[in-house]
Amino acid sequence: MMGKLFDVPRRVRAGLAAVLALAAVAMLTAMTGSTTQPSPASAPPGEFSAARALAHLERFAAEPRPLGGPASGRARNYLAGQLRAAGLEVEIQRAVGARSAAGLATFGQVRNIVATLPGQDPTGTVLVAAHYDSAAMGPGASDDGAAVAAMLETVRALGAGGRLRNDLVLLMSDGEEDGVLGAEAFVREHPLGRKGGVLLNWEARGVGGPSLMFETSRDNARLVETFVDAVPRPRGDSSMVELYRLLPNNTDFTPLTKAGFTGMNFAYIEGSSHYHTAGDSIENLDRGSLQHHGSNMLALAHALGAADLPTLASDHDVTYFRLLGTMITYPDMLVQPLAVLGVLAVAALALVARRRRLISLPRLLGAAASAAAPPILSVLAAQALWELLVAWRPAYDGMGGLLHRPEAFEAAVAVLSGLALLGWYLPLRRRLGPAASAVGALAWPAGLGLLCAQVAPGASYVFTLPALLCALGGLAALLLPGPAWARVAAVTLGMVTAAALLPALAGNAFDGMGLALGGAGALALALFGMTALPVVELFLPDLARGLPRGAAVAVPLTAAGLAVALVGCGLAADGFDADHPRRTHLAYVMDAGTGTARWVSADEEPADWTRRYVSGRDVTALPPGYARGTLWTGAAPAIRADGPRVSVLGRDGDTVRLRVTGGRGARSVTLRIDRPITEATASVGGAGSAAVPVTGTRAGTWPAEVRFRGIPATGARITLRVPGGGRIRLTAIGETDGLSTVPGFVPRPPGLVAATREDGDLVAVTRTYTL
């Protein structure tokens, strides 16, 4: 009881036809996911124009805008002025934002821009949100300047028509890059933040690509319906929603939805190697991405601005995704039945194949059990490839897997996934039989679909639909009479959904998570290969003849050689240059008490420029508590600097009250404490206060840390709860952006940019206290 699901004459020709058809489906899917063409400044007044938005972007996003920096103030003045000129009521909310993590409390004095356009007959509030601050390492043209510029152009386009029915509130938040501090302060202190409404949040994790709706609040059915109906080119899918709900990542969307807003979150994610670096510039911004962001924003502002907002409430989520250019949606009540149907379809295929004596139960069970090998081996191979790349080129480690030109490496991952599939299929083909192997392989996407239906329903379709339709294609090939080509057509049609969904999922995983988590993309590619086994079989000889010994060796060796060649091509193509720079970390640290100064770098293997400043691993000369992780250091000249000051205002048991100042020119202060803390409070005159609980401890440094971004010259009051009483040792670090004030400093040459580690490119002046 061993055979093929179907056989045809001229099987190689049939196989080539099937492969070409499936490749065309995958290419068509990629093409329909492209961005829109940017509209010129001469576009009609009621339409969104990327050129008009770009004119705003050039005014405020040509320089870094970290929280509390002078560029932040210049951007805020420009943006508020433009909103007032457009007729909106504008308020600058000054507050203290707060966030906690393991052993860490982060505070910041934020200045949110809150602009209101009252509606004619409001049924609620539509909140459009983006953050105007940037990471300190780059100008943030995409993250999140493009969305802020799109908000200005959207307001202008809305003004070309009549007033909206509902109230429109624009939130340009501050301090998002330091832990969504502005959004946290907005929902905690501002009346509009506590009022709730429908939220549209806009982000970026790259410099190009389509604007994806990648996250929603719970019970999103009516929101997704509005999105699909209102937006001319909707992009995104519910598998992203489920993935983002499982990840620890945060945007402003997180505190806003926790406070009661319902809504949608948008971002583009291609070109992510420039994320949070100097490469996130206007020059690198894809104008089509800006257009897509803005067109979606304007369309949804119109739709939600005219809607009866309470009717958008729902009691369930929907699955949504694009298939061959068409957005498909269905309610979550269908997820479980479809997943069960997928399992039943695979079981029916197995039953029919067994009745036709193509498989036996022992062989089917053996195939299903052993079919775990291809996805597992593919994931392991992809992660091993990343480790090898980092070992060969240590600078990749600082990029977090987000490489400039990863295409050849991604192709190598695809080849390794194919090699894992062949390494499983070819040795077992004669022992288990092609039919048993094909049906057993389908059990895995069917089982994953059933599992996701329980834990991540919006992602179930990625596995359920390929398994279901491939099984139906196999059943059609077995049961329907007709010519041989019809059987090939039935199987190929069954695979169309797999070809449309799984490679696209791999592409999104590569774009969003990079090669450091390349196993996610490899898993999707391995599952696609497992659905394609009946087509793979068309290229192989009859079972009676078996695979020639030479071919059995040559095929895997050829695949392995191709993977090695692709890696070599990737290393040659992905060199560093001015347009594709390497990241390097450098900071200047001086102990104000001793006058000792050191250069510090956290690079695994410093670049030649960095080695001008660091020469060894000795950290004994660094201030107490400063070192975090493994560092390179080197002697540095002392500078004249006030440094931070900490004075004790009072101590009552576990509670210590401090006055902290950063010193002349310092934008931020960090406190490192040699004992764990359980609570921290910060207050600033005129901005209020905020408190957060703190659990756990920091890794690689002293157990507790408190940061205050945007600290005023007059300082801030910090209250700590330190269990146990007794002596406390504290190091205060006053941080000033830029290294140009240090004697002997030479700016980075072309081909290098500052790394994304938050303590880089800072003059850090420290003082250590015993309390």
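**Aromatic rings in close-up**

**View 1. Arginine 672 and the ring of tyrosine 626.** The charged end of arginine 672 lies over the ring of tyrosine 626, 5.9 Å from its centre. A charge sits over a ring if NZ of Lys or CZ of Arg is within 6 Å of the ring centre and within 35 degrees of the ring normal. The model is predicted: local features need pLDDT of at least 70, side-chain atom pairs count only at pLDDT 80 or more, and totals for chains, interfaces and linings use all residues. Residues are numbered from 1 along each chain as its sequence is written, and side-chain values use heavy atoms, with hydrogens and water left out.

**View 2. Arginine 611 and the ring of tryptophan 632.** Here the charged end of arginine 611 sits over the ring of tryptophan 632, at 4.8 Å from the ring centre.

**View 3. The pair of phenylalanine 321 and tyrosine 461.** The whole structure holds 15 aromatic pairs (rings of Phe, Tyr and Trp, the last by its six-membered ring, with centres within 6.5 Å; stacked if the planes are under 30 degrees apart, edge-to-face if over 60, tilted for the rest). Phenylalanine 321 and tyrosine 461 are stacked, with 4.3 Å centre to centre and 5° between the planes. Phenylalanine 321 counts as buried at 2% relative accessibility, and tyrosine 461 counts as buried at 4% (buried is under 20% relative accessible area, exposed over 50%, partly exposed in between, with a 1.4 Å probe and protein chains only).

**View 4. The pair of tyrosine 588 and tryptophan 599.** The ring centres of tyrosine 588 and tryptophan 599 are 5.5 Å apart and the planes lie at 75°, so this pair is edge-to-face.
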